[in-house]
Amino acid sequence: MRELVLDPQTFHVHFEMHSILLTRIEFRLLEQLLSSNGGILDCQDLLNRVWGSQISVEMRTVDSHIIRLRRKLRRLG
């Protein structure tokens, strides 16, 4: 079984022999997506879980961070 390991101290993601560094936001987004166990999280859910409900962030911001996260994760193979 192939295992994805997240290091919350360094914001690194390890998969087999590969490692990538994520920003704090990318790391938190990935944590939330993984914790949903395949469930669907909409942009508002992610905004609240990652940025908090007290912060004013545009929905498009989530999309931009997800795009960057996907690009980085592709490097893991």
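## Sheet

In this predicted model, three strands make an open sheet in the order S1-S2-S3, with antiparallel pairing. Strands pair if DSSP finds at least two bridges between them; helices (H or I, at least four residues) and strands (E, at least two) are DSSP runs, numbered from the N terminus. Strand S1 (4-7) and strand S3 (18-21) are the edge strands, each pairing on one side only. From one strand to the next the twist averages 20°; axes are lines fitted to C-alpha atoms, for helices over the stretch in contact, and angles run from 0 to 180 degrees between N-to-C directions.

S1 is joined to strand S2 (residues 12-15) by four bridges, and the two run antiparallel. Leu4 stands opposite Phe15 in S2. Helix H1 (residues 24-35) packs on the sheet and touches S1 and S2, its direction making about 135° with that of S1. Contact means heavy atoms within 4.5 Å. Four bridges also join S2 to S3, which run antiparallel, and Val13 has Ile20 in S3 as its bridge partner. The hairpin of S2 and S3 has two residues between the strands, and Glu16 in this hairpin takes a positive phi near 55°.

## Phe11 and the aromatic pair

Phe11 lies in the loop between S1 and S2. Its phi is near 65°, a positive value in a residue other than glycine. Most residues other than glycine have a negative phi. Phe11 is buried, with a relative accessible area of 19%; buried means under 20% relative accessible area, exposed over 50% and partly exposed in between, with a 1.4 Å probe and protein chains only.

One aromatic pair is found in a search of the whole structure. The pair consists of Phe11 and Phe27 and is edge-to-face, at 5.4 Å centre to centre with 75° between the planes. Rings of Phe, Tyr and Trp (its six-membered ring) pair if their centres lie within 6.5 Å; planes under 30 degrees apart count as stacked, over 60 as edge-to-face and the rest as tilted. The pair links distant parts of the chain, since Phe11 is in the loop between S1 and S2 and Phe27 is in helix H1, 16 residues apart. Both Phe11 and Phe27 are buried.

## Nonpolar core

The largest nonpolar core has 18 residues, and those with the most contacts inside it are Val13, Leu22, Leu29, Trp51 and Val62. Such a core is a set of buried Ala, Val, Leu, Ile, Met, Phe, Trp, Tyr and Cys residues joined through side-chain atoms within 4.5 Å. S2, H1, H2 and helix H3 (59-74) are the elements that give two or more residues to this core.

Not counting residues up to four places away in sequence, Leu29 touches Leu46, Val50, Trp51, His65, Ile66 and Leu69. Leu46 is in helix H2 and is buried, with a relative accessible area of 5%. With the same exclusion of residues up to four places away in sequence, Leu46 touches Leu29, Gln32, Leu33, Leu41, Trp51 and Val62. The C-alpha atoms of Leu46 and Gln32 are separated by 7.4 Å, and the two residues are 14 residues apart along the chain.

## Helix packing

The axes of H1 and H3 come within 10 Å and cross at roughly 85°. That makes H1 roughly perpendicular to H3; angles under 35 degrees count as roughly parallel, over 145 as roughly antiparallel, 65 to 115 as roughly perpendicular and the rest as oblique. On the H1 side, Ile25, Glu26, Leu29, Leu30 and Leu33 meet His65, Ile66, Arg68, Leu69, Lys72 and Leu73 in H3.

H2 and H3 pack with their axes 9 Å apart, at an angle of about 80°. These two helices are therefore roughly perpendicular to each other. Their contact is made by Cys43, Gln44, Leu46, Leu47 and Trp51 of H2 and by Met59, Thr61, Val62, Asp63 and His65 of H3.

## Loop between H1 and H2

Asn37 is placed in the loop between H1 and helix H2 (43-51). Its phi, near 50°, is a positive value in a residue other than glycine. Asn37 is exposed, with a relative accessible area of 72%.

## Basis of the values

Residues are numbered from 1 along each chain as its sequence is written, and side-chain values use heavy atoms, with hydrogens and water left out. Because the model is predicted, local features need pLDDT of at least 70 and side-chain atom pairs count only at pLDDT 80 or more, while totals for chains, interfaces and linings use all residues.
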